[in-house]
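Here's a quick walk through one model, starting at a single bridge and zooming out from there. Have the sequence and the 3D view open as you read.

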Amino acid sequence: METPPIKLAFIIDNEVADILHTDERLAAIFLSNPIVLDITEKMENNPGSIAPGMIYNPNTQEYSLREQDSDV
């Protein structure tokens, strides 16, 4: 099996904590300074409650559909 083309280093306290071999899409996501949250409990309690494309509100810590998507 071929290794994915992009290698990302995760640096914590100036030390390389891990290296991720990934594709261009996921590399672009990681390199765009995302907010990373552990949503394990929320997904286990309500599968499908969070999906790509939803909007996250950091003040309420809630997820919602985009306004144009909720009109459908």
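## The hairpin

Let's start with Ile12, whose bridge partner in S2 is Glu15. That pair belongs to a set of seven bridges between S1 (residues 6–12) and S2 (residues 15–22), two strands that run antiparallel. Pairing here asks for at least two bridges found by DSSP between the strands. In general, side chains along a regular strand alternate between the two faces of the sheet.

A word on ground rules: this is a predicted model, so local features need pLDDT of at least 70 and side-chain atom pairs pLDDT 80 or more, while totals for chains, interfaces and linings use all residues. Residues are numbered from 1 along each chain as its sequence is written, and side-chain values use heavy atoms, with hydrogens and water left out.

## Two positive phi angles

Most residues other than glycine have a negative phi. Which residue in the hairpin of S1 and S2 takes a positive phi? It's Asp13, near 50 degrees, in a hairpin with two residues between the strands. Asp13 sits in the loop between S1 and S2, and it counts as exposed because its relative accessibility is 74% (exposed means over 50%, buried under 20%, partly exposed in between, with a 1.4 Å probe and protein chains only).

Asn33 isn't a glycine either, yet its phi is positive at about 55 degrees. You'll find Asn33 in the loop between helix H1 (24–30) and helix H2 (40–45). With 70% relative accessibility, Asn33 counts as exposed.

## The overall fold

Three helices and four strands make up the tally, and along the sequence they read β-β-α-α-β-β-α. These are DSSP runs numbered from the N terminus: H or I of at least four residues for helices, E of at least two for strands.

How does the radius of gyration look? The protein has 16 Å, whereas a compact globule of 72 residues would come in near 11 Å; the value is taken over C-alpha atoms, and the globule rule is 2.2 Å times the number of residues to the power 0.38. The C-alpha atoms fill a box of roughly 40 × 30 × 25 Å along the principal axes.

Among contacts (heavy atoms within 4.5 Å) with a separation of 6 or more, 4% come from residues 24 or more positions apart. The accessible surface is about 6500 Å², and carbon and sulfur atoms hold 51% of that (Shrake-Rupley method, 1.4 Å probe).
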